[in-house]
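Please read it alongside the sequence and structure shown here.

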Amino acid sequence: MRRFTSVLGAALIACAVVTAVAEPAQAGQHHAIAVSSARSYTDVREPLRNITTGNDMPVGAWHDDLGRLHVSKAYYTVDLAQFRGAHVFSARAVFTETAAHDCAEPRSTELWLTDDADRPTYLRAPRELTRHVWTGTNTQCVGYPSFDVAATLNQVIAEGRDKATFALRMPGARQWDVAHGRRFAKTVTISMYVNTPPATPKDITLQHAPCDSVVPVHSGWLRAQVTDPDGETFDGRFVVRDVARPDEAREFRSVETASGLMADLPEGTLADGHTYEVTAQADDGDAVSPMSEPCRFTVRLHPPFTGSP
């Protein structure tokens, strides 16, 4: 029976994982971490059992204390609900190996995205959808193999799924070869750079007057309320159209802010007796919000300053 070569202190993941995959963020991107919320493994010797016991999870072939052959796959489910609507610019799933059967054999572990699976078993294994091959250069016998999963996460998020299940397995005949078997910690960490577009601007005002108001000004401040799910600062634009000349739209850039959009209309922008339609859009540098609903103001520089536009 081949013995495992083990590594002590498997819980050292956190620092090594984050620093190993960190990349410089740009514009609205921010660093985020997703950690598995469910994990288990399957075993050919117990084909109808979902196994959650033990301190780590076997992948590939292994012998128990009685010398009996087992073949296993490990499953990790990651919660992605917080990234709904986001775009993933980069993401690496980092696993911690706790033991290897034979350090002379090359690392050949594969990572697969599968159908969602709460309690997979060997006979009722979820369908394997997308393969991710480890392509690192780590020469340690046991270490922290990682996989590029950015395209996969974008696909899962675009499909409206709030979680992703991944399977660690050995390929082909190697899953039956004890020499290639390894063990992994029960947690996977996905380190990523993501961005979620700002929300649609709302509550547009001109000099504090709400939509459908009559305003006695020919310049002033436009404002709109906007929130960004990532808490990023943003700028954006206002588009102002004279209803009588809809093809002659003018655009005014907003100043950067974390609470909303603001733009100053130059003196003489608005003409007495004209009605203007204003829309707004926020931009965090990586993504833009949907355009707001149009808001109308009528300019009246001479009494009466009240009444319907």
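Predicted model: local features only at pLDDT ≥ 70, side-chain atom pairs only at ≥ 80, totals over all residues.

Residues are numbered from 1 along each chain as its sequence is written, and side-chain values use heavy atoms, with hydrogens and water left out.

**Confidence**

- The mean pLDDT (the predictor's confidence in each residue, from 0 to 100) is 87 for the chain, and 88% of the residues reach 70 or more.
- Over residues 1–22 the pLDDT stays under 50. For this stretch the model has 43 contacts (heavy atoms within 4.5 Å) beyond four places in sequence.

**Overall composition**

- The chain has two helices and 21 strands; these are DSSP runs numbered from the N terminus, with helices being H or I of at least four residues and strands E of at least two.
- Of the 309 residues in the chain, 48% are buried. Buried means under 20% relative accessible area, exposed over 50%, and partly exposed in between, with a 1.4 Å probe and protein chains only.
- Among contacts with a separation of 6 or more, 74% join residues 24 or more positions apart.

**Nonpolar cores**

- A nonpolar core is a set of buried Ala, Val, Leu, Ile, Met, Phe, Trp, Tyr and Cys residues joined through side-chain atoms within 4.5 Å.
- The largest core has 34 residues, and I190 and M192 touch the most other members.
- At least two residues of this core come from each of β2 (30–43), β4 (57–63), β5 (69–79), β6 (87–94), β8 (110–114), α2 (150–158), β11 (163–169) and β13 (189–195). Helix α2 gives the largest share, four residues.
- Beyond four places in sequence, M192 touches H30, H31, A32, A34, F83, V88, S90, A91 and L153.
- A second, separate core holds 23 residues, including A263, A280, A282 and F297.
- In soluble globular proteins, nonpolar side chains tend to be buried together.

**The five-strand sheet**

- Five strands form an open sheet with mixed pairing, in the order β15-β21-β20-β17-β18. Strands count as paired if DSSP finds at least two bridges between them.
- β15 and β18 (245–253) stand at the edges with a single partner strand each, so one side of each has no neighbour in the sheet.
- On average, neighbouring strands of this sheet are turned by 30 degrees against each other, direction ignored.
- β17 (residues 235–242) and β20 (residues 275–283) are antiparallel and share eight bridges; G236 has A282 in β20 as its bridge partner.
- β20 is also antiparallel to β21 (residues 295–299), over four bridges, and T275 stands opposite T298 in β21.
- β15 and β21 run parallel and are joined by three bridges. Here V214 stands opposite T298 in β21.

**The three-strand sheet**

- An open, antiparallel sheet is formed by three strands in the order β14-β16-β19.
- Its edge strands, β14 (202–206) and β19 (260–265), each pair on one side only. The twist averages 10 degrees from one strand to the next.
- β14 and β16 pair over three antiparallel bridges, and the partner of L206 in β16 is L222.

**Local features**

- D203, in strand β14, has a positive phi near 55 degrees although not a glycine. D203 is exposed, with a relative accessible area of 53%.
- Q207, in the loop between β14 and β15, is another non-glycine residue with a positive phi, near 50 degrees. Q207 counts as partly exposed, at 36% relative accessibility.
- Most residues other than glycine have a negative phi.
- V217 lies in the loop between β15 (213–215) and β16 (220–225). Because its relative accessibility is 18%, V217 counts as buried.
- Outside four places in sequence, V217 contacts L206, Q207, L270, V299 and L301.
- V217 and Q207 are ten residues apart along the chain, with their C-alpha atoms separated by 8.3 Å.

Note on methods:
Axes fitted to C-alpha atoms, helices over the stretch in contact; angles between N-to-C directions.
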